[in-house]
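Me: I am new to this structure and would like to learn how to read it feature by feature. Could you take me through it slowly, giving the general idea before each case?

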Amino acid sequence: MSLDGMLLRHLCVELREKIIGLRINKIYQPAKHEINLVLRGQGNVYKLVISASADAPRIGLTEQDIKNPESPPAFCMLLRKKILSSKVTEIEQKALERVICIKLQSRDDMGNEIYYKLLVEIMGKHSNIILIKDDGKIIDAIKRITAEISSKRTVIPGAIYFEPPSQGKLCILDVRKEEILKKIFFSEINDEEHMQKTFRSAVLSALQGASGAVCDWLAEKIGCSGDIKLFEMSPFMKENLSNHLSELTEIVKNAEGLPYIIKNRDSKTDISFLEIKNTSCEKYGSFSQLIDTYYSEKTAQERQNSKVGALFKKIEHLILSRKKKISIQEEEIKKCEGKEKFKLFGDLLTSNIYKIKKGMEKIEVENFFSDTSETVKIPLDKMLGGAENAQRYYKKYKKQGNAQKALTIQIENAKNDINYLENVLDSLNRCESENEIREIRAELGEQGYIRFKSKSKLKVRSKALSFIEFTSPSGYKILIGRNCKQNEKLTYKTAGRRDMWFHVKDVPGSHTIMLTGGQDVKNEDIVFAGKLCAQHSSARDLSNVPVDYTFIYNVKKPNVYRPGMAVYKEYKTIYVTPNKRNV
């Protein structure tokens, strides 16, 4: 959990300074488990975001504009009825638990003062937003928890609110450090097994409101890794830990920490009120700004991953269905390979028509088309005469010939579809923004691979994306297409006839253009462009990748065309290893 209880303490101090005394001016519910409160007063306007989503539960001020639904959900309507225009009188956090209580003062229809509490429980999938009366009765919650869902704690209108069950952890503000050290290093159940725990897991189990970032800070201070086992820790480390627990207590007690986004060695990001060495720490102006930035980016990335995943599955299904279709059609073509036999039967029956009479089930005739003297037995339809039997075989011959031609064309079309869709998959794997996903989705819609309920969704609503751009060592501009449609535009419309065109041999990838205008180009420029081309292809993780390059005038559209497809001649090939540092 990134938003731990210790960081929440810092956030509460910040929120008290800014919003206590302000009134709730507007209430929105832009998502199923999220509400926005617009607070006004004392010449200030703030927007408070409270989310109980399982993936990104949080509370904090935001400056972002969030689209709100036209018709407000029931919980939003309830909040508007009960707490609209109410004044924020206090923001409390019990110890270092991840529960925030916003106390509100309002008036009833008679003008009498009434008090409410808006409780924000930040506990992963169990997060919730609950409105209760001052006497502790629940008015409603954004997530109702019935007895069928949980036998330990119900959250339904009319019930008495009970705090989430305690996890038995120690609050650093309320206990002596000796008790915390004992909790970290000793277990009443099985001390030997307990000592096999890592330092990180032992601290997380002992300290209320601590996160992985707090554990890493403590580990760095005492000179070890968070993954060290307890039994491996030296007496010096344990003694040093005692000193830094005192330091941590003072930081938390006085809310002296600063807002940081931390990126560790695995490129994973987290938020903290502590600066940790040997990591990339980016400082923010406030804890609300920190939380808003972190969770907005996290939500956007999760939303993008979700969209990419759904589109990825759709494209993979389209490729698989075409491969199955090709397999079936190839079997059908094999059956058509015997069509010449039906023409032979028709010719032989026509030559021996005088021998055939109705009622005959077969006839044996000499095969005068063969170099050797042989006879052929030909099955007959006893209801037909000689001419009709001959015509029956000619029709079979023609039918299978037509089927063979049609199947060959269909197989070729399916193979071109697969080639195109594999290029789309490669582009999708390299998407870095929702706009790129939207462009690919619109392209697939235009080509008829996916359907939209509304034609307006085919259009990319955002501003059209530009090509990816680099500069070669000699100063030539290099342009790379982000998707198949951009590849088509880049190669057939943007590039000049004597510009250089690059593509990885025989695998999906982007078209890469070096705008040379026919000038002599140094080998280092060609290698540089080749590496970029390989990096923007499905061979980006390989080494010694073959990249073909030629002039644009040697690149043509194939007869059976899909966006971004090309055939080329008179080319050269270089072998490169993609260099990610260039990207």
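Me: Which residues does Thr 512 touch, not counting residues up to four places away in sequence?

Reply: Before the contacts, a word on the source: this is a predicted model, in which local features need pLDDT of at least 70 and side-chain atom pairs count only at pLDDT 80 or more, while totals for chains, interfaces and linings use all residues. Residues are numbered from 1 along each chain as its sequence is written, and side-chain values use heavy atoms, with hydrogens and water left out. A contact means heavy atoms within 4.5 Å. With residues up to four places away in sequence left aside, Thr 512 touches Ile 478, Leu 479, Ile 480, Met 500, Trp 501, Phe 502, Ala 529 and Cys 533.

Me: Is Thr 512 buried or exposed, and in which strand is Thr 512 found?

Reply: A residue is called buried under 20% relative accessible area, exposed over 50%, and partly exposed in between, using a 1.4 Å probe and protein chains only. Thr 512 counts as buried because its relative accessibility is 0%. The residue is found in strand E18 (residues 512-514); strands (E, at least two residues) and helices (H or I, at least four) are DSSP runs, numbered from the N terminus.

Me: In what order do the six strands of the open sheet that includes E18 lie?

Reply: Strands of a sheet pair through backbone hydrogen bonds, either parallel or antiparallel. Two strands are taken as paired if DSSP finds at least two bridges between them. Here the six strands follow the order E15-E16-E18-E17-E19-E22, with antiparallel pairing, and the edge strands, each pairing on one side only, are E15 (468-471) and E22 (572-576). The twist averages 25 degrees from one strand to the next, where axes are lines fitted to C-alpha atoms, for helices over the stretch in contact, and angles run from 0 to 180 degrees between N-to-C directions.

Me: Which strands does helix H12 touch, and which does helix H13 lie across?

Reply: Helix H12 (residues 484-494) packs on the sheet and touches E16, strand E17 (500-504) and E18, its direction making about 135 degrees with that of E16. Helix H13 (residues 523-535) lies across E15, E16, E17, E18, strand E19 (545-551) and E22, and runs at about 45 degrees to E17.

Me: How many bridges join strand E7 to E8, and how many residues lie between the strands in their hairpin?

Reply: Strand E7 (residues 113-121) and E8 run antiparallel and are joined by six bridges, one of which pairs Leu 118 with Leu 131 in E8. Their hairpin has six residues between the strands, and Gly 124 there takes a positive phi near 60 degrees. E8 also pairs in the antiparallel sense with strand E9 (residues 138-141), over three bridges; in that hairpin, with four residues between the strands, Gly 136 takes a positive phi near 95 degrees. Strand E8 (residues 128-133) is mostly covered, five of its six residues being buried.

Me: Which residues touch the most other members of the largest nonpolar core?

Reply: In soluble globular proteins, nonpolar side chains tend to be buried together. A nonpolar core is a set of buried Ala, Val, Leu, Ile, Met, Phe, Trp, Tyr and Cys residues joined through side-chain atoms within 4.5 Å. The largest core has 83 residues, of which Ile 59 and Leu 248 touch the most other members. A second, separate core of 23 residues includes Tyr 420, Leu 428, Cys 431 and Cys 484.

Me: Where is His 10 placed, and how far apart are the C-alpha atoms of His 10 and Ala 255?

Reply: His 10 lies in helix H1 (residues 5-19) and is buried, with a relative accessible area of 2%. Although 245 residues separate His 10 and Ala 255 along the chain, their C-alpha atoms are 5.1 Å apart. Beyond residues up to four places away in sequence, the contacts of His 10 include Ile 251, Phe 273 and Phe 287.

Me: Finally, how many helices and strands does the protein have, and what is its radius of gyration?

Reply: The protein has 13 helices and 22 strands. Its radius of gyration is 36 Å, well over the 25 Å that the globule rule gives for 583 residues, so the protein is more spread out than a compact globule; the radius is taken over C-alpha atoms, and the rule is 2.2 Å times the number of residues to the power 0.38. Along the principal axes, the C-alpha atoms fill a box of roughly 115 × 65 × 60 Å, and 45% of the 583 residues count as buried.
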